[in-house]
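Colleague: I'm new to this, so please walk me through the model one piece at a time.

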Amino acid sequence: MIRHSRHTSESWKALPWKKFRRNLFRLQKRVYKAVQVGDKRKARSLQKLILKSTSARFLAIRQVSQLNAGKKTAGIDGKKSLTFSERFYLEEWLRVNSGNWKHQGLREIPIPKKDGTTRVLKIPTIADRAWQCLAKYTLEPAHEATFHARSYGFRTGRSAHDAQKHIFNNLRSYANGIEKRVIELDIEKCFDRINHSAIMDELIAPKGLKLGIYRCLKTGVNPEFPEQGTPQGGVVSPLLANIALNGIESIHKGTKSEPSIRYADDMVIILRPQDDATEIIERISEFLRKRGMNVSQKKTKVTAATDGFDFLGWHFKVQSNGKFRCTPSVDNFKAFRKKVKYIINNSNYGATTKAQKLAPVVRGWRNYHKFCKMDGSKLSLWFINHRAYTVFNKETKQSCHTSEDLIKKAFPAVPFSENKHVMVQGTKSPYDGNVAYWSERKSKLYDGKTSKALKKQNHRCASCGLKFIDEERIHLHHIDENHANWKKNNLEAIHESCHDYKHMSKSTS
């Protein structure tokens, strides 16, 4: 493998990332609009340009090596990370081979499920992940133009909170939710059973990319089912699953609004009193059979809205007075409490470290549930807070910190506003070019000091100046590097990658 002395952290940081983003987004917008007007030939020509684009290649490598949550998970080659020199080499390799990509094997990691079974994560190598990310950049805008409005999972610009609000709109008292029932649909081994031909037939892509996706699917197959399955753990896998399942939301339609809500392979269908649940499940079963999948008879059930049901970590229920309530589900709360207890009771940490580790866990949980009803001693975390205070009190006797200060740090407050989330509009997509709408919408996903910084900056990154429109996280940067200084003039909202580069330049200077 050739190495070049010019390929350093400084040369990586000095790449024109702002220009790269603009170049890629310009092409993606054109692909989206071409498919929207039915010109797939033009869309495929534009997709070829993305595959050949230097901007897309560098952004894909940065995404999988710097930004993705699984960036330090090794594939079968044992590589957990890439040096800066290796990143440049991979860009050259992608340039030569992106149109005829051959996948390496997958590393299998068994993950236990709640029902006692296991699902297998199949992890590609970093090079394969980079190609898959490049493929995702190419495929996603084309299929975003065809995806159903009520599909919310693993799509840019959409979230679980949109699904949560849609359920509220269909079950609140104004919609006579007290009279309705819900089909809790479970697809049996969805990712393992998706028929490859169902994906390939729907794929909007040039031939070279189709061949690469076909090879990707064949790399992750179960020998018992050689024509089925998409590997869980791949960058492009959720998109392929969405492509195969697209249209299932239209099988049952209500009078005023779409009553089917899908998040990846999880789905609920809201029924009016006159709707025939058996007939709807049979039609859905037929849709899935054509794609190699089956409805799970064991887990699929019809539930009265007044009995309540779980979906995406929430428990939804229409009360006897007709009012709608959404709270964290029992399983979700148990899993959260288990994480918190592990940190609090861990004898390897001191109280200060425990507070630092607890804060992101508590903040993340509270943020996810901020549109639920969160009052009461259980959901306000009074008991967990009290337990932590007792432990911290014992451990801070020899410390300069008080247990009260540490509790405030460990359990940061997050404001909640029940059912106040603003849903994404119709079939809108970030690729439609409405930058003002999407940057402002993304800003609303944040609150507190980050929200104030975003408004002050007109929803632009303080480092690169671009609007916040993609899926990259927003970080709050302390200008003077003093993380205890939370004055508003010392804070600026920037892209996660821009934040990395700021700290990278400090460490290498």
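Modeller: Happy to! One term first: a crossing of two helices is left-handed if the near helix is turned anticlockwise from the far one by less than a right angle, and right-handed if clockwise. Helices (H or I, at least four residues) and strands (E, at least two) are DSSP runs, numbered from the N terminus. This is a predicted model, where local features need pLDDT of at least 70 and side-chain atom pairs count only at pLDDT 80 or more, while totals for chains, interfaces and linings use all residues. Residues are numbered from 1 along each chain as its sequence is written, and side-chain values use heavy atoms, with hydrogens and water left out.

Colleague: Okay, at what angle do H2 and H4 cross?

Modeller: Helix H2 (residues 17-36) and helix H4 (residues 54-67) cross at roughly 110 degrees, and their axes come within 9 Å. Axes are lines fitted to C-alpha atoms, for helices over the stretch in contact, and angles run from 0 to 180 degrees between N-to-C directions. So H2 is roughly perpendicular to H4 (under 35 degrees is roughly parallel, over 145 roughly antiparallel, 65 to 115 roughly perpendicular, the rest oblique).

Colleague: Is that crossing left-handed or right-handed?

Modeller: H2 passes H4 in a left-handed crossing.

Colleague: And which residues make the contact?

Modeller: From H2 you have Trp17, Lys19, Phe20, Arg21, Asn23 and Leu24, and from H4 there are Ser55, Ala56, Phe58, Leu59 and Arg62. Contact means heavy atoms within 4.5 Å. Sorted by class, that is six nonpolar, two polar and three charged residues (Ala, Val, Leu, Ile, Met, Phe, Trp, Tyr, Cys and Pro count as nonpolar, Asp, Glu, Lys and Arg as charged, and the others, Gly among them, as polar).

Colleague: How many aromatic pairs are there in the whole structure?

Modeller: The search finds 19. Tryptophan 17 and phenylalanine 58 form one that is edge-to-face, with 6.4 Å centre to centre and 85 degrees between the planes. Rings of Phe, Tyr and Trp (its six-membered ring) pair if their centres lie within 6.5 Å; planes under 30 degrees apart count as stacked, over 60 as edge-to-face and the rest as tilted. This pair links distant parts of the chain, since tryptophan 17 in H2 and phenylalanine 58 in H4 are 41 residues apart.

Colleague: New topic! In what order do the strands of the open sheet run?

Modeller: The order is E8-E9-E10, three strands with antiparallel pairing. Two strands pair if DSSP finds at least two bridges between them. Strands E8 (309-311) and E10 (324-328) are the edges, each pairing on one side only. On average, neighbouring strands here are turned by 30 degrees against each other, direction ignored.

Colleague: Which helix packs on that sheet?

Modeller: Helix H7 (residues 160-171) does, touching E8, E9 and E10, and its direction makes about 10 degrees with that of E9.

Colleague: What about E3, how many bridges join it to E5?

Modeller: Six bridges join strand E3 (residues 181-188) to strand E5 (residues 266-271), and the two run antiparallel. Leucine 185 stands opposite methionine 267 in E5. E3 also pairs in the antiparallel sense with strand E7 (residues 301-304) over four bridges, where arginine 181 stands opposite alanine 304.

Colleague: Last one: how far apart are the axes of H14 and H15?

Modeller: They are 9 Å apart, and helix H14 (residues 351-368) packs on helix H15 (residues 382-395) at about 150 degrees. That makes H14 roughly antiparallel to H15.
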